[in-house]
2 protein chains.
Amino acid sequence: MKFWSNKAKSISPYTYGEQPKDKKYIKLNTNENPYPPSPKAIKIIKNLDENIYKLYSDPTCNELKEAISKVYNVEKKQIFIGNGSDEVIAFSYQSFFNKGDKIVYPDITYSFYPVYSKLYEIEEIINPLNDDFTMNLKGFNKKSKGIIITNPNAPTGIALTLDQIESIIKDNLDKLIIVDEAYVDFGAESAVKLINKYENLLVIQTFSKSRSFASLRIGFAIGNKELIQALHIIKDSYNPYTVDTIGIKAGAAAMLDVEYFNKTRNTIIATRDRIKKELDKLGFKSTNSKSNFLFIKHNSFKGEYIFKKLKENGILVRYFNKPKINNYLRVSIGTDEEMDEMIRILKEKILK
Amino acid sequence: MKFWSNKAKSISPYTYGEQPKDKKYIKLNTNENPYPPSPKAIKIIKNLDENIYKLYSDPTCNELKEAISKVYNVEKKQIFIGNGSDEVIAFSYQSFFNKGDKIVYPDITYSFYPVYSKLYEIEEIINPLNDDFTMNLKGFNKKSKGIIITNPNAPTGIALTLDQIESIIKDNLDKLIIVDEAYVDFGAESAVKLINKYENLLVIQTFSKSRSFASLRIGFAIGNKELIQALHIIKDSYNPYTVDTIGIKAGAAAMLDVEYFNKTRNTIIATRDRIKKELDKLGFKSTNSKSNFLFIKHNSFKGEYIFKKLKENGILVRYFNKPKINNYLRVSIGTDEEMDEMIRILKEKILK
């Protein structure tokens, strides 16, 4: 480690969900969409002119901004696009926080936020969730530069209403409020409609979940144009071309295919609600998830035990060995067939 | 700018080559390859299974590492892959330099380095080029944490020999030496063969030039496994999936198609050498470029004037309004037809 920076020596990277290659699993561990992306987007990829590949991608991502602008009814200059919502969050840390500034988030939330706080030397202030995993709204009102909220929250799946989000914004007009809506399309209400009302609101979304494009790395932020401008300055000082040409073009097609988007997300919601009931019958307690995963705990078997037994039986779910949630499992919603197979394995091989 | 960080307020982003949309240009301004990528790589893209898109890309980029490992005869753990060489350089700054550390590079070099120095608060030490744009090798021997050298240099195109690179490394064994080889495949010698000899050497390359994949954002570093490990720690603390699935798979195919790679780069080299002679006849002086561009200056017409006239005539080249080089033009090597058209326009419409 002779040449390593202090950061390389001291930081603990984000732990991503395992991607084992030893055998074929039913993969319910990284909240991917079980359905392929819009056929219109796939057609775009198959038919791309070979002469486009040699050229740099458009650093302004104009074509994709136009599509998002249309679907979300916002201006192009209110949109920023990055390499997945992770990158958009990382740029937000650099665009709006100085070293030593404070940022508030819950104890149970997307586990990348503490990594960014360490990487960019931002001080985290923890606003613990209530015992039932709901958020303590007034707990965000602490002296800080900003607040980041995942809505619906991960890995609990519990959503705030738009009124609740607005009350946090109103209480903290002097701070930047980042609402990370990675899972919003599965039953929660987006805060995008508040961006013209509050200059301190930045909403971040991704193509990795509801638009089935985790492979292509597209995330975006919507907010007032001054916030968006700062994100562009940081991106253009880091790597102006983080989103590639296929991402821009296929992403635009996927965004515009609202019909397919609604069909697949509604299927996932229906599967989630059905499987939740099935799990209830098997002795699981689950949160009121508005996302594409369930957060479940069994009334007699330990979470880690079920996790291991499911894996042995070819089903991957996510287990977090962390205080307060170390008896829970996060189960991504797959196809009906995949979920039925999980229920069968639980019934026949594990819970007995 | 109420919510902007100090960095967003103070940094001047990298200025990328213009991508005008007003009309169709012969684009010789961003050092892109005039030929499409390997047909084998394009076939991979066209035939990808639609079910791959919904899944996250492999954060280890294993398939691409295997291809690079084979072609460069290095171990997989000696390879790091990022979203273009820009990202790999940005990660290197974070992995090997602490705030306030010093880094040495020439005054005339890739203009992104000063932006990174500002972004990561690393102090730059300038080792000015000699008057003929060659490098002052001993000038790198200054008290610092590291050195970054573009070889061949940009925008001059002049290359150091492997012996010269090795002499810099030997003089500075206590420092990290980054050799940015974005253009190495057009006539210079790679320092990759030195990585097992020197633990302080990191070589960075890209798919954007010699492999015609600027669109797909793939860059890589080769060095001893401890350096590579630090890069992974920083990447996984920022965005573990910066390279997408198509980049990984098509990149691997392009890397393995050595025959196509040699054919296209040799064509570009031949075009470059031929056009250099044509430009000589027209009164241009040019450096001894070993890259996919020429760096030229006319003996009576001003660089800015020629730049503007070429643009009026549908040909984009790169002009840098900077001390020492503000009379030069950087001209990327296009197809023979494109270059002949430029020569014709110069002859018939500009230099008279």
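This is a predicted model: local features need pLDDT of at least 70, side-chain atom pairs count only at pLDDT 80 or more; totals for chains, interfaces and linings use all residues.
View 1. Leaving aside its neighbours within four places in sequence, B:Lys209 is in contact with A:Tyr56 of chain A and, in chain B, with B:Thr30, B:Asn31, B:Asn33, B:Ala182, B:Tyr183, B:Phe186 and B:Asn292. The residue B:Lys209 itself is found in the loop between β7 (201-206) and β8 (219-223) of chain B. Although B:Lys209 is buried, it has no salt bridge, and B:Glu32, the nearest side chain of opposite charge, is 7.4 Å away; this pair is not counted as a salt bridge because the nitrogen and the carboxyl oxygen would have to lie within 4 Å.

**View 2. The interface between chain B and chain A.** The area buried between chain B and chain A is about 7000 Å², and carbon and sulfur atoms give 56% of it. On the side of chain B, the residues that lose the most area to chain A are B:Phe3, B:Tyr56 and B:Tyr238, which together make up 13% of what that side buries.

View 3. By class, the side of chain B that touches chain A has 42 nonpolar, 23 polar and 17 charged residues.

**View 4. The salt bridge between B:Glu63 and B:Lys249.** The closest N and O atoms of B:Glu63 and B:Lys249 are 2.8 Å apart, and the pair links distant parts of the chain, since B:Glu63 is in helix α3 (residues 62-72) and B:Lys249 is in helix α8 of chain B, 186 residues apart. With a relative accessible area of 35%, B:Glu63 is partly exposed, and B:Lys249 also counts as partly exposed, at 22%.

**View 5. The salt bridge between B:Asp107 and B:Lys324.** These two side chains meet at 2.7 Å, N to O. B:Asp107 lies in the loop between β3 (102-105) and α5 of chain B, and B:Lys324 lies in the loop between β12 (318-319) and β13 (329-332), so the pair ties together parts that are 217 residues apart in sequence. B:Asp107 is partly exposed, with a relative accessible area of 30%, and B:Lys324 is partly exposed at 41%.

Note on methods
Residues are numbered from 1 along each chain as its sequence is written. Chains are lettered from A and ligands numbered from 1 in the order in which they are written. Side-chain values use heavy atoms; hydrogens and water are left out. Contact means heavy atoms within 4.5 Å. Buried area is the accessible area (1.4 Å probe) that two parts lose on being put together, summed over both. Ala, Val, Leu, Ile, Met, Phe, Trp, Tyr, Cys and Pro count as nonpolar, Asp, Glu, Lys and Arg as charged, and the others, Gly among them, as polar. Helices (H or I, at least four residues) and strands (E, at least two) are DSSP runs, numbered from the N terminus. Buried means under 20% relative accessible area, exposed over 50%, partly exposed in between (1.4 Å probe, protein chains only). Lys and Arg count as positive and Asp and Glu as negative; His and the chain ends are not counted.
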